[in-house]
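This briefing looks at how parts of one chain pack against each other. Please keep the sequence and the 3D view open while you read.

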Amino acid sequence: MHVILISWEFPPRTVGLISRDTEKIARGLAKSECKVDVVTWDDRLTRTEEHTEGFRVHRVANPVRTHVNIVTWALTLNTELERIAADIIYKSDDQAKLVHASEWICVPAAIQLKKTLHTPYVLSLYSTESERSLHGGSLSGAITYLEKSGSLQAAKTIVDSMTRASLVQKIYGVPADRLAILNVGTASISKLIEQYRASLSSQGLREEPSDTQ
Amino acid sequence: MKVAMFTWEYPPKIVGGIARHVYGLTRALSKIGVETIVFTCEFPGAPREEKTDGVRVFRVDSYRAPTPDLATWDLVMNQSMEETAAEIIDSENEPVDLLHAHEWLVAKASIGLKHTLRLPLVATIHATEYGRRNGLHDDNERMIHETERWLTFEAWRVICCSSFMTDHVSWAFSLPRQKIDSIPNGVDVTEFVGTFQKGSFRSLYALPEEKIVLFVGRLVYEKGASLLVEAVPRVLARINAKFVFVGEGYMKDQLIARARQLGVAEKTYFTGYTDEKTLKQLYRVADVCVFPSLYEPFGIVALEAMAARAPVVVADTGGFSEVIEHDRTGVKVYPNNVESLTWGILRVLTDNSYAKYLEANAARKVLDEYSWNQIASRTKKVYERIVEEYRKGAWKATST
């Protein structure tokens, strides 16, 4: 299995939990003989690529430097995340490929990779916009739209609690069989791989034996 | 050859010149064997999907989420456009050969598809934020400028509508000139023929003894309508005329107030937006069309006036400088100069045979150089060049 992790933060950039969790997942998958690429943001002017602990990290800059809010920033960054992920998919061998995107910030790239290259994705939601922004507002509306669109089109939406699963089911209409309750930061990697396998088979894809890197 | 074309406006949604440009171009391309699929924004009453004159159009849902400003709306709309286009292109029996984006407003969708589908992208830059605003003054303008730069960077080749714009785009985005093709806008002369009750139509705008001086454009600083208002009393000192301003813009109230202050309010008529039919008839009853722009990437209005056989007076700036030949197809005046503008208007209005001479030359020039068939043929050559280069390269939608 070839997993492409898309996250807006990755060590050394650590803003919240996503950074640490994505690194833990990348390490765990690499040890489980999965091929792993991490595509993340870095505020530099040029792309960098590192090969470490059995996986590769691709750091990309936002092609548009000046922004008026976080939504415009996220949407243009996603085109670059999409570009690098597409390159990885084109260069990948025949084994089953899967994208794991974290949070609404990486939803646009995941959706496009699914629509154009037929690569299914799972989406981790650490929280929902309705929980983060109680008073709403038009920017919040745009984030909610991306969150909803992303969870509805994901092969699996992963949340960390029963409460959040009910919330995602209720407000976004995601069917129960496409929701998984798993704390990606603390759960064993085998449980996550189980979800990946279920996601691939739900899309009619089968995991082939992978090559070690 | 099959081309997927991206534009935020397409008839019946007409905001600026891009809608009419893409409309004319796609129809003419279809006649010379280039199949086009247009992806654009929805519009009330317009079908989500249609095929007319060989052109397929898909209108995407562009209001899926509330957004606080144009830039945010545009990028969310691009997400929607990119998703729809991906589905349509994926379902085509015959593959798409090329993507063609018009303006920064569709940059994200077209660049994203370029990389995921690995198809060459061509971009037409109709105007720049730097030119529109006469510089970059805030983050919103800087963001649009950087998005324009991103699009020109990602495009295989860039099309500009004039040599003026080619120079400007090359300078503004540090883009090699060799990457830019200059292809003018086109106009469909057949839209300016046909009979109508000229006398009764004319009487809606002016008295029989008044000449009609027509301005068409957005009532914003760069279009120079304020210069024409200043010229009104000077022209009226020599000749009886009515000054008709077609268009809307943030300067409208200011222009009306200034006309009142100058004591010429009853000699001016601010119509606001008009429908296409009315506009074309207005061109045909005008005694002179005046375009005193300070910034003009191309100036499609001059071509429309020429096609309607109305003599034109333009500021010698930007695209106008290239379209108009002074004393042959129109009159050029100094930009931002009321004296010169007054002189140009009077030069046409006081010499009927000179006006007829300009009209005839202009109409011939439009047919010879600015018909959509000519423009489509030149655009097709750009497509063929790109597709040929793409075929020879290694960057393709196959595993490497």
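The crossing of helix 8 of chain B with helix 13 of chain B has a right-handed sense, and the model in which it is seen is a predicted one. The notes below begin with this pair of helices and then turn to a sheet.

**The helix pair**

- The axes of helix 8 (residues 225-236) and helix 13 (residues 338-349), both of chain B, come within 9 Å and cross at roughly 55 degrees.
- Helix 8 and helix 13 of chain B are therefore oblique to each other.
- On the side of helix 8 of chain B, the contact is made by B:L227, B:L228, B:E230, B:A231, B:R234 and B:V235, while helix 13 of chain B contributes B:V338, B:E339, B:L341, B:T342, B:I345, B:L346 and B:L349.
- The residues of this contact between helix 8 and helix 13 of chain B divide into 9 nonpolar, 1 polar and 3 charged.

**The sheet**

- In chain B, 6 strands in the order 11-10-9-12-13-14 form an open sheet, in which the pairing is parallel.
- Strand 11 (268-272) and strand 14 (331-333) of chain B are the edge strands, since each pairs on one side only.
- From one strand to the next, the twist averages 20 degrees.
- Strand 13 (residues 312-315) of chain B pairs with strand 14 of chain B in the parallel sense over 3 bridges, and B:V313 has B:V331 in strand 14 as its bridge partner.

**A helix on the sheet**

- Helix 10 (residues 276-285) of chain B packs on the sheet, where it touches strand 9 (211-216), strand 10 (241-246) and strand 12 (288-291) of chain B.
- The direction of helix 10 of chain B makes about 135 degrees with that of strand 9 of chain B.

Key. Residues are numbered from 1 along each chain as its sequence is written. Chains are lettered from A and ligands numbered from 1 in the order in which they are written. This is a predicted model: local features need pLDDT of at least 70, side-chain atom pairs count only at pLDDT 80 or more; totals for chains, interfaces and linings use all residues. Side-chain values use heavy atoms; hydrogens and water are left out. Axes are lines fitted to C-alpha atoms, for helices over the stretch in contact, and angles run from 0 to 180 degrees between N-to-C directions. Helices (H or I, at least four residues) and strands (E, at least two) are DSSP runs, numbered from the N terminus. Angles under 35 degrees count as roughly parallel, over 145 as roughly antiparallel, 65 to 115 as roughly perpendicular and the rest as oblique. A crossing is left-handed if the near helix is turned anticlockwise from the far one by less than a right angle, and right-handed if clockwise. Contact means heavy atoms within 4.5 Å. Ala, Val, Leu, Ile, Met, Phe, Trp, Tyr, Cys and Pro count as nonpolar, Asp, Glu, Lys and Arg as charged, and the others, Gly among them, as polar. Two strands pair if DSSP finds at least two bridges between them.
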